[in-house]
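Open the model in your viewer and keep the sequence panel beside it.

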Amino acid sequence: MPKVPLRVASAVLLTLAALNVPTAYAADDVTPVTVTVNARAALATVPETGIGANHAIWDSQLGTDETADRLKDAGVKLLRYPGGSYSDIYHWADHTAPGGYVAPNTDFDTFMRGVRRTGAQAMVTANYGTGTAAEAAAWVRYANVTKSYGVKYWEIGNENYGNGHYGDPWEADDHADKSPAEYARHVVAYADAMKAVDPDIKIGAVLTTPANWPDGLVAGGDEGTWNKVVLSIAGPKIDFVILHWYPGAFDRAGQVPDMIHLTRRQITEYAGPGSERIGISMTEFNTGTSSNGTNTQPGALAAADAYATLLAGGVFTVDWWNTHNGIGKVTQVEGQTDYGDFGLLSSGTCTSDGSVCEPAVNTPFAPYYALRMVSAFARAGDRFVGAASDQAKVSAHAVRRPNGDLAVLLINTSSDTSLPVTIDYSGFSPASGAPAVLTHTNGATDLVGSTSGSATSRTLPPLSLTTIVVRPASAQTGLPGAPGQPTVSNVTDKTATISWPAASAGTRPIVKYEVHRHNGAVGEQLGETAGNSFTVGNLKPGTRYTVNVIARDSGGGVSPASSPLTFTTGTPASSSCAVRLSDQSDWGNGYVGAIDITNNGAPINGWTLNFSWPRTWQSLGSGWSAVWTQNGSNVKVVNEPGNGSLPTGASTTIGFVGNYSGPNILPAVFTLNGTVCTTR
């Protein structure tokens with residue numbers, strides 16, 4: 001992780017002038033892009049703390065007014081302290097970090113002064129590695145009782161799985177036992193001690209991020225992975241979990257929904273009753289590595305895409321690493337100098353030989369403008385709705401505002417082509433006038449605002465971020481309120497019962513509710529009812545569904561959509577065959593899988609098993625005890641001569657190596673000689 005302490009020299013702020021961005025034109029042979037926005041496909045509500053950043057006690061600019069004002073202008077609403085791995089060597093009472101550098105004017109009170117000037121909330125990481133529960137409780141007392149700072153969010157440690165337990169030590173940990181069980185036991189002790197001082201605080205525990213080391217690994221003596229053990233022991237005591245993500249590439253936002261899904265599934269499975277209260281935070285995030293344009297425009301585009309996707313999925317804060325970080329490998333990226341700096345703002349530092357220096361301290365890098373764009377696009381209280389593009393070069397996100405407006409964020413990642421975009425709306429009728437537009441282009445030193453074009457078409461400059469804010473064609477009043485949070489019960493392979501609290505009526509009575517499925521921006525109505533429960537049929541086995549409910553009144557007025565409900569159908573309760581897939585050993589980007597096949601029907605003499613990988617980043621490495629082939633995402637497994645006969649009740653076991661480079665959603669649906677099997 002890029003946590004190198006740097007002494008940052010002070011410098012005069014540059015006065016930045018907005019660039020006048022010329023109108024971009026698409027080449028004649030460019031295929032137009034279609035973006036679809038589905039206003040009925042409601043996702044998460046934008047949280048107050050969504051846009052965050054990290055501070056570090058080795059950064060001499062931490063407490064300056066200039067830094068706080070820059071962060072405020074970017075829309076930063078949460079600041080994390082005292083700085084990554086330094087958290088596990090930092091002692092707040094005397095402001096020391098043995099073995100590390102502490103810059104002047106970076107103590108806790110100075111940090112809190114900056115937090116208040118920024119208009120943000122604070123997240124504090126208590127020292128687990130070299131600290132104690134008593135020390136953390138004393139910090140809570142000082143912060144919230146003595147000083148009345150009202151610090152709500154408290155993490156217990158930082159990346160504590162990096163203590164050497166899995167063979168790669170970077171995180172300080174003085175405990176003799178470095179297992180996840182020991183960490184979890186201490187989380188319980190910290191939570192008890194800290195909440196005894198202030199019962200209103202929220203306690204967070206460190207998890208591994210799906211498909212990121214050491215996720216999936218089980219060390220000797222442990223009863224499971226880090227996440228399983230930590231959640232099983234500490235789950236009842238915590239209020240949120242902590243993920244960190246450095247994807248190392250700019251095309252990984254598509255992995256976020258599965259990342260969140262797997263994390264939520266682990267919380268539900270291991271954290272005990274009431275686990276739905278546990279939130280997910282991304283307290284360290286950066287788009288890539290210092291060699292691929294982290295602080296130039298590609299990094300900004302990836303940052304905006306990731307922030308929007310994470311927040312749409314319900315993550316309550318995404319915190320950029322770091323506010324200031326320092327110069328790294330200097331390269332030229334898309335016509336701009338990239339300083340290999342993981343900071344939002346320049347540290348004003350130079351390479352070791354002095355040949356290249358960054359711009360003046362606090363000069364914004366491109367990702368800073370990405371945060372400004374996202375905070376302008378998705379404001380606290382807005383609701384994300386489904387949006388999708390039919391071409392990979394353009395990403396799309398959308399939010400519905402409480403006043404009925406719709407904001408659409410469009411990201412063109414093409415280096416050299418202006419792309420024409422047509423925007424189709426579902427569940428929303430845009431006004432005919434020109435929308436408000438906000439744009440950031442490659443090399444620009446500000447966002448440029450205008451009122452131009454139409455709500456349904458736009459030409460996107462190369463390497464650009466564009467937000468348009470569209471008003472509805474007509475203002476509607478007296479509409480029903482949104483139905484309450486739906487729940488699911490009686491899920492089978494083909495059916496599920498959806499229930500919801502009634503919506504509040506507007507000026508006319510509610511006559512029915514509609515259940516809508518959505519997949520990105522593609523939606524379909526699954527059914528309607530006058531009651532508050534509906535059983536959906538004709539579902540596919542082993543499939544993840546996300547649905548919303550809307551209310552419709554006697555005049556045809558439609559409510560906002562409910563919060564989303566996601567569930568996964570099973571496989572047949574009874575079948576002539578049964579399959580059990582187990583992940584027997586995992587090393588973070590691959591695993592050994594075993595498939596047990598049982599014949600519950602008539603005797604079989606020769607069999608073929610078929611299944612599909614759920615994601616494009618999964619593949620077959622090798623297989624044994626059968627003949628394995630893969631075509632696209634489909635895997636075909638044919639018996640060998642010695643195991644083709646399966647009498648009634650007989651079983652056979654086959655194995656394989658599966659590879660993955662993203663969240664590893666295991667196959668769930670298997671057919672044996674064309675029959676869908678029960679998956680155990």
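Start with the whole chain. Among contacts between residues at least 6 apart in sequence, 73% join residues at least 24 apart. Contact here means heavy atoms within 4.5 Å. This is a predicted model: local features need pLDDT of at least 70, side-chain atom pairs count only at pLDDT 80 or more, and totals for chains, interfaces and linings use all residues. Residues are numbered from 1 along each chain as its sequence is written, and side-chain values use heavy atoms, with hydrogens and water left out.

Color by secondary structure. The chain has eight helices and 38 strands. These are DSSP runs numbered from the N terminus: helices are H or I with at least four residues, strands are E with at least two. The radius of gyration is 26 Å, close to the 26 Å that the globule rule gives for 680 residues, so the chain is as compact as a globular protein of that length. That radius is taken over C-alpha atoms, and the rule is 2.2 Å times the number of residues to the power 0.38. Along its principal axes, the C-alpha trace spans about 80 × 65 × 50 Å.

Now color by burial. Buried residues make up 55% of the 680 in the chain. Buried means under 20% relative accessible area, exposed over 50%, and partly exposed in between (1.4 Å probe, protein chains only).

Next, select residues 133-146 and 180-197, helices α3 and α4. They pack at an angle of about 25°, with axes 8 Å apart. Axes are lines fitted to C-alpha atoms, for helices over the stretch in contact, and angles run from 0 to 180 degrees between N-to-C directions. The two helices are therefore roughly parallel (angles under 35 degrees; over 145 is roughly antiparallel, 65 to 115 roughly perpendicular, the rest oblique).

Show side chains there. From α3, pick A133, A136, A137, V140, R141 and V145; from α4, pick A189, Y190, A193, M194 and V197. These residues make the contact.

Move to T652, in strand β35 (residues 651-660). Is T652 buried or exposed? At 11% relative accessibility, T652 counts as buried. Leaving out residues up to four places away in sequence, T652 touches I595, D596, I597, W607, N643 and L646.

Finish at V491, in the loop between β20 (487-489) and β21 (496-499). V491 has 36% relative accessibility, so it counts as partly exposed.
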